[in-house]
Amino acid sequence: MSNPEFDLADFVRRVLAEDLGSGGDVTSLATIDPDARFSASMNCREAIVVAGLDIAAAFFRSLDREVRIDVYVSDGEMLVAGTTMMRLEGNARALLSAERSALNTIQHLSGIATLTRRYVDAIAGTGAVLLDTRKTLPGLRLLDKYAARMGGAQNHR
(Lines give C-alpha, C1' and ligand atoms only; values in the text may rest on other atoms or scores of the structure.)
Protein backbone atom coordinates (compact mmCIF):
# COMPACT_ATOMS: atom_id res chain seq x y z
CA MET A 1 0.00 0.00 0.00
CA SER A 2 1.55 3.24 -1.09
CA ASN A 3 0.10 6.30 0.60
CA PRO A 4 2.20 9.17 1.98
CA GLU A 5 -0.32 9.63 4.80
CA PHE A 6 0.11 6.04 6.02
CA ASP A 7 3.15 5.22 8.15
CA LEU A 8 3.55 1.47 7.69
CA ALA A 9 6.45 1.13 10.14
CA ASP A 10 4.48 2.95 12.84
CA PHE A 11 1.37 0.84 12.18
CA VAL A 12 3.34 -2.42 12.41
CA ARG A 13 5.09 -1.25 15.58
CA ARG A 14 1.80 -0.27 17.28
CA VAL A 15 -0.05 -3.44 16.29
CA LEU A 16 2.75 -5.74 17.42
CA ALA A 17 3.12 -3.84 20.70
CA GLU A 18 -0.59 -4.30 21.35
CA ASP A 19 -0.62 -7.97 20.30
CA LEU A 20 2.58 -9.11 21.99
CA GLY A 21 2.54 -6.81 25.03
CA SER A 22 5.61 -6.50 27.19
CA GLY A 23 6.15 -10.27 27.45
CA GLY A 24 6.29 -11.08 23.76
CA ASP A 25 4.87 -14.30 22.34
CA VAL A 26 5.22 -16.34 25.53
CA THR A 27 4.24 -19.62 23.86
CA SER A 28 6.93 -19.32 21.18
CA LEU A 29 9.49 -18.17 23.74
CA ALA A 30 8.74 -21.15 25.97
CA THR A 31 8.56 -23.86 23.31
CA ILE A 32 10.70 -22.92 20.29
CA ASP A 33 14.47 -22.88 20.15
CA PRO A 34 15.72 -19.34 19.42
CA ASP A 35 17.63 -20.59 16.35
CA ALA A 36 14.86 -22.78 14.92
CA ARG A 37 13.95 -22.13 11.28
CA PHE A 38 10.43 -22.23 9.93
CA SER A 39 8.81 -22.26 6.53
CA ALA A 40 5.15 -21.68 5.85
CA SER A 41 2.72 -20.65 3.17
CA MET A 42 -0.20 -18.26 3.47
CA ASN A 43 -3.18 -19.63 1.58
CA CYS A 44 -6.77 -18.44 1.32
CA ARG A 45 -9.42 -20.89 2.48
CA GLU A 46 -12.14 -19.40 0.30
CA ALA A 47 -12.43 -17.23 -2.78
CA ILE A 48 -11.35 -13.65 -1.96
CA VAL A 49 -10.19 -10.36 -3.37
CA VAL A 50 -6.85 -10.03 -1.64
CA ALA A 51 -5.73 -6.83 0.05
CA GLY A 52 -2.87 -6.13 2.46
CA LEU A 53 -0.05 -8.37 1.25
CA ASP A 54 2.66 -5.73 1.73
CA ILE A 55 1.36 -4.99 5.21
CA ALA A 56 1.35 -8.67 6.16
CA ALA A 57 4.91 -9.02 4.88
CA ALA A 58 5.95 -5.97 6.92
CA PHE A 59 4.89 -7.71 10.15
CA PHE A 60 7.17 -10.66 9.37
CA ARG A 61 10.06 -8.43 8.29
CA SER A 62 9.79 -6.33 11.43
CA LEU A 63 10.58 -9.34 13.63
CA ASP A 64 12.98 -11.13 11.27
CA ARG A 65 15.02 -8.83 9.02
CA GLU A 66 16.40 -11.88 7.19
CA VAL A 67 13.03 -13.52 6.42
CA ARG A 68 12.59 -14.74 2.86
CA ILE A 69 9.16 -13.85 1.50
CA ASP A 70 7.92 -14.89 -1.93
CA VAL A 71 4.64 -13.22 -2.90
CA TYR A 72 2.68 -14.91 -5.70
CA VAL A 73 -0.35 -12.65 -6.13
CA SER A 74 -1.14 -8.94 -6.06
CA ASP A 75 -3.55 -6.85 -4.05
CA GLY A 76 -6.84 -6.51 -5.90
CA GLU A 77 -6.64 -9.98 -7.49
CA MET A 78 -9.59 -12.33 -7.22
CA LEU A 79 -8.31 -15.62 -5.83
CA VAL A 80 -9.90 -19.05 -5.76
CA ALA A 81 -9.97 -21.06 -2.55
CA GLY A 82 -6.62 -22.66 -1.81
CA THR A 83 -4.49 -20.11 -3.65
CA THR A 84 -1.05 -19.65 -2.14
CA MET A 85 -0.53 -15.93 -1.62
CA MET A 86 2.97 -16.02 -0.14
CA ARG A 87 5.62 -18.33 1.23
CA LEU A 88 7.86 -17.48 4.16
CA GLU A 89 11.11 -18.87 5.47
CA GLY A 90 12.90 -17.52 8.52
CA ASN A 91 13.28 -17.57 12.27
CA ALA A 92 10.48 -19.67 13.74
CA ARG A 93 9.94 -17.56 16.86
CA ALA A 94 9.79 -14.34 14.89
CA LEU A 95 7.44 -15.62 12.21
CA LEU A 96 5.06 -17.23 14.68
CA SER A 97 5.08 -14.07 16.80
CA ALA A 98 4.14 -11.95 13.77
CA GLU A 99 1.66 -14.30 12.13
CA ARG A 100 -1.46 -13.39 14.13
CA SER A 101 -1.09 -9.67 13.41
CA ALA A 102 -0.29 -10.37 9.75
CA LEU A 103 -3.22 -12.74 9.29
CA ASN A 104 -5.73 -10.57 11.16
CA THR A 105 -4.78 -7.56 9.05
CA ILE A 106 -4.91 -9.35 5.71
CA GLN A 107 -8.20 -11.05 6.66
CA HIS A 108 -9.78 -7.73 7.62
CA LEU A 109 -8.64 -5.92 4.49
CA SER A 110 -9.41 -8.83 2.16
CA GLY A 111 -12.88 -9.10 3.71
CA ILE A 112 -13.56 -5.47 2.85
CA ALA A 113 -12.16 -5.90 -0.67
CA THR A 114 -14.16 -9.08 -1.28
CA LEU A 115 -17.49 -7.63 -0.14
CA THR A 116 -16.81 -4.44 -2.07
CA ARG A 117 -16.18 -6.46 -5.25
CA ARG A 118 -19.55 -8.19 -4.81
CA TYR A 119 -21.28 -4.80 -4.74
CA VAL A 120 -19.23 -3.49 -7.68
CA ASP A 121 -20.16 -6.58 -9.70
CA ALA A 122 -23.84 -6.21 -8.71
CA ILE A 123 -24.03 -2.68 -10.14
CA ALA A 124 -21.89 -3.36 -13.20
CA GLY A 125 -23.44 -1.99 -16.37
CA THR A 126 -25.80 0.37 -14.56
CA GLY A 127 -23.60 3.46 -14.83
CA ALA A 128 -23.49 3.70 -11.04
CA VAL A 129 -20.18 4.08 -9.23
CA LEU A 130 -19.64 2.61 -5.78
CA LEU A 131 -18.11 5.12 -3.37
CA ASP A 132 -16.80 4.31 0.09
CA THR A 133 -17.74 6.37 3.12
CA ARG A 134 -16.04 7.27 6.35
CA LYS A 135 -17.59 4.34 8.19
CA THR A 136 -14.20 2.92 9.03
CA LEU A 137 -12.53 1.67 12.18
CA PRO A 138 -10.68 4.35 14.15
CA GLY A 139 -7.01 4.21 13.26
CA LEU A 140 -7.68 2.06 10.19
CA ARG A 141 -9.36 4.59 7.89
CA LEU A 142 -6.56 4.67 5.31
CA LEU A 143 -6.29 0.88 5.26
CA ASP A 144 -10.05 0.38 5.02
CA LYS A 145 -10.27 2.88 2.15
CA TYR A 146 -7.35 1.11 0.43
CA ALA A 147 -9.18 -2.22 0.74
CA ALA A 148 -12.33 -0.68 -0.75
CA ARG A 149 -10.26 0.49 -3.75
CA MET A 150 -8.81 -3.00 -4.13
CA GLY A 151 -12.39 -4.27 -4.34
CA GLY A 152 -13.21 -1.82 -7.11
CA ALA A 153 -14.86 1.07 -5.24
CA GLN A 154 -13.73 4.65 -5.48
CA ASN A 155 -12.81 6.67 -2.43
CA HIS A 156 -15.35 9.38 -1.63
CA ARG A 157 -12.87 11.66 0.15
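How many aromatic pairs does this predicted model hold? The count comes to two aromatic pairs. Phe6 and Phe11 form a tilted pair, with 5.6 Å from centre to centre and 50° between the planes. Phe6 and Phe11 are both buried. Ring pairs join Phe6, Phe11 and Phe59 into a cluster.

Phe11 also belongs to helix α1, where Phe11, Val12, Leu16 and Leu20 are buried. Seen down the axis of α1, these buried residues fall within an arc of 135°, so they line one face of the helix. The face turned away from that buried side carries Arg13 and Glu18, which are exposed. Helix α1 covers residues 8–20, and its 13 residues should span 18 Å at 1.5 Å a residue; the end C-alpha atoms lie 18 Å apart, which agrees with that expectation.

The next feature is the largest pocket. Its space amounts to about 510 Å³. The lining of the largest pocket consists of 22 residues, and Met42, Asn43, Met85, Leu103 and Gln107 lie nearest the centre. Two or more lining residues come from each of β1 (37–43), β5 (84–91) and α4 (92–122). Helix α4 gives the largest share of the lining, 10 residues. Sorted by class, the lining of the largest pocket has 12 nonpolar, six polar and four charged residues.

Terms used. Residues numbered from 1 in each chain as written. Predicted model: local features only at pLDDT ≥ 70, side-chain atom pairs only at ≥ 80, totals over all residues. Heavy atoms only, no water. Phe/Tyr/Trp six-rings, centres within 6.5 Å; stacked < 30°, edge-to-face > 60°. Buried < 20%, exposed > 50% of the residue type's maximum accessible area, 1.4 Å probe, protein only. 1 Å grid on protein atoms, 1.4 Å probe; cavity = no way out; pocket = protein on both sides within 12 Å on 5 of 7 lines; lining within 4 Å. Points joined across faces, edges and corners; volume = space filled by probe spheres on them. Helix = DSSP H or I, 4+ residues; strand = E, 2+ residues; numbered from the N terminus. Nonpolar A, V, L, I, M, F, W, Y, C, P; charged D, E, K, R; others polar. Expected span 1.5 Å × (residues − 1). Arc of directions from axis to C-beta.
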